[in-house]
Amino acid sequence: MAACDCDNILPQGSVEEQHYDNCRSVWAQRHPTNLPLLKNEDGTIGLKNRNILNLDEDVLYHLAFTNKSIDLEAKFGDVKFVCTGGTKERLKEFALYMAQRLGIKIEGDLRDWAEKSKRFAMYKVGPILAFNHGIGIPSMTIALQEVIKMLFYAKAKNPIFFRIGTCGGLGVEAGSVVISKWGLNGYLNKSYDLPVLGKTYSMPSFLDRRVAQELYLVAKESKNDFQTYLGGTMGSEDFYRGQARLDGPFCNHTKEEKMTFLKELASRGVKNIEMEATAFAALMTEAGIRGAIVCVPFLNRLHGDQVTSTKEQLTQWENNPMKVVGDYIVKYYENQNQ
Ligand SMILES: O=P(O)(O)O[C@@H]1C[C@H](O)[C@@H](CO)O1
Ligand SMILES: O=c1cc[nH]c(=O)[nH]1
């Protein structure tokens, strides 16, 4: 099958866009499940696992509540946008930022719906849900899967998910924003490969093309004081050797090998490296949910390995993905009101 990672913005219904959709549907045909629905007709999430229906009560262990301990439909049924990222602070910040952008008044401190979990935090303001996922694929997929189940019980309709993260840039400057088209794993495949029952279950890691393009256009229109790029994202299993760094406690490659690898990534259209892209893209596709990844590079990896900018500078840069996603959400409601 030909590559479907064209760098251009694709017009709706174009041959390339259809080809991309075909890639996903060919994969879906190869992996039939016992539930045909990706999404119910009314837009609510359809889970692809019948076993769930046999549970009297479903414990969302890492969120520290069950589908019966909270009236999920009453509390989360109106969720339209779901935002995630590594840290609790960033996601609380995002929830407060969105409250301000959407004119939602907050009385007192924001409630953390996952306060008993200790691992994750989850905030809600109006139609926005924000939760953190920790570092790396296993932590992220646990949080993400429990939130998908939660929104299934809540009967939330057509939610769009965003990961707002930090990353290392490849040929792009610190403080810019990279919107991901796909995730690339450490073997340079566009897939999330999970061992299941002793075999590899391989899922394609393409992100929703339309949301990515819309985000990119919104960012361009906003005339931000930072650059925005659309490109591939390497989702590494590690921060140090896995990202070809030379400054970890272990290193078995030379500086020349590192540079050759990073340049190889760049030549394949990779614009940044983080630690969740493949799995996030794959699970969104499998759940039939539209998802996007918007990250800020903290450094250009072609120039070094260490993150040397001040905490103040890093915190300020973290606002850039929030601004892009915030503009997208505001525009969504502006368009609805027209
Ligand atoms: O969302 P965050 O900022 O946590 O994303 C990147 C990828 C890893 O989770 C982490 C590594 O520093 O930052
Ligand atoms: O280089 C970086 C910076 C942030 N996060 C990563 O995963 N890599």
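Select ligand 2 and the residues near it, that is, with a heavy atom within 4 Å of it: Thr166, Cys167, Gly168, Phe239, Gln243, Arg245, Ile273, Glu274, Met275 and Leu299. The model is predicted, with local features requiring pLDDT of at least 70 and side-chain atom pairs pLDDT 80 or more, while totals for chains, interfaces and linings use all residues. Residues are numbered from 1 along each chain as written, chains are lettered from A and ligands numbered from 1 in the order written, and side-chain values use heavy atoms without hydrogens or water.

Next, display the polar contacts of the ligand (pairs of N or O atoms within 3.5 Å). An oxygen atom of ligand 2 lies 2.7 Å from a side-chain N or O atom of Arg245. A polar side-chain atom of Gln243 is 2.9 Å from a nitrogen atom of the ligand, and a backbone N or O atom of Gly168 is 3.5 Å from an oxygen atom of ligand 2. The protein buries 92% of the 240 Å² that ligand 2 exposes when taken alone (Shrake-Rupley areas, 1.4 Å probe).

Now colour the strands (DSSP E runs of at least two residues). β6 (160-169) and β11 (270-274) each supply at least two shell residues; β6 gives the largest share, 3 residues.

Key: Polar contact = N/O pair within 3.5 Å; in protein donor to acceptor, adjacent residues only side chain to side chain. Helix = DSSP H or I, 4+ residues; strand = E, 2+ residues; numbered from the N terminus.
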